[in-house]
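Me: I would like to go through the charged side-chain contacts here. Could you take me through them once the model is up?

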Amino acid sequence: MTTEKPPGLRERKKAKTRAAIQEHALRLFRDQGYAETTVQEIAAAAEVSPATFFRYFATKEDTVVFDRLDPVMIDVFRAQPAELNPTDALRATLKDSMRTLTEAEWELESQRQQLVLNAPELRARMLDQLYAGIDLLAALAAERVGRSADDFAIRAWAGAVVGVVMATYQITGHANMQDYFEIIDRAFAHLQAGLPLGK
C-alpha cells in the first residue's frame, strides 16, 4: 500500500500565499464590492506585487471561483468506508467536514459562495463550475462503485447532487456552518429517498 508524500515546504508556502490572496480579495469584495475592487488593490492588501498575483490567479474572477476546500473534501470522501454507496459516502463526508473546518474557514467559504451566486460578472463562470462539479462527482462516484465516469447512471447522480446543492443555496443564505451542513444533509437524504413529492 502506497501513501502520498505530504506537501513540501515550497508547496506549503505557495498554498499559504494563494490562500492569503484569496482571503484579502474576498474581504475587499465584501467591503467595497466585486466590480469596484481591482487586482492592484488585492495585491496591495495581500502585500504582493500584481505579477505575483497573476502567478496564482489568472484573473480577478479566479479568486472567487477557486475552491481550496475541494482537495480536503475529495480526500475525506475517498476515506469513507468502501461499503458506503456514493450518497451515503457524501453525507458522511459532510459530517466529517464539520469537524475539519474551522469557523474562520467556513466564514470564508460562505462569503465565496455568496459572491459566486450573486455577482452578475461571475455567473458565466459559475456555469463552468457546475459542469466541473458534475465531472468531479462523477469521477469520485465511478471510482467508488467500479464503473465508468461516463456511465449514464453515474452522470445522472452527479447532476442530481449538484442540482440539490444549487437549489438549497437560497435556503442556506448566510447560515452558520452547522445549520448549512444540516440543511444540505436533509437535501441529500431527500435525494436518497427518491425525491418524493406527496400531496
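Me: Is Arg125 buried, partly exposed or exposed?
Reply: Arg125 counts as partly exposed, because its relative accessibility is 22%; buried means under 20% relative accessible area, exposed over 50%, and partly exposed in between, with a 1.4 Å probe and protein chains only. This is a predicted model, in which local features need pLDDT of at least 70, side-chain atom pairs count only at pLDDT 80 or more, and totals for chains, interfaces and linings use all residues. Residues are numbered from 1 along each chain as its sequence is written, and side-chain values use heavy atoms, with hydrogens and water left out.

Me: Which side chain does Arg125 meet in a salt bridge?
Reply: That of Asp62, at 2.7 Å from N to O. A salt bridge is a side-chain nitrogen of Lys or Arg within 4 Å of a carboxyl oxygen of Asp or Glu.

Me: What does the pair tie together?
Reply: Arg125 lies in helix H8 (residues 123–145) and Asp62 in helix H4 (residues 62–65), so parts 63 residues apart in sequence are tied together. Helices are DSSP runs (H or I, at least four residues), numbered from the N terminus.

Me: And Asp62, buried or exposed?
Reply: Asp62 is buried, at 16% relative accessibility.

Me: Which residues are linked in a network of salt bridges?
Reply: Glu61, Asp62 and Arg125.

Me: Changing topic, how many salt bridges does the structure hold?
Reply: The structure holds 10. Among them, Arg147 and Asp151 meet at 3.1 Å, N to O. Arg147 is partly exposed at 45% relative accessibility, and Asp151 is partly exposed at 23%.

How values were computed: Helices (H or I, at least four residues) and strands (E, at least two) are DSSP runs, numbered from the N terminus.
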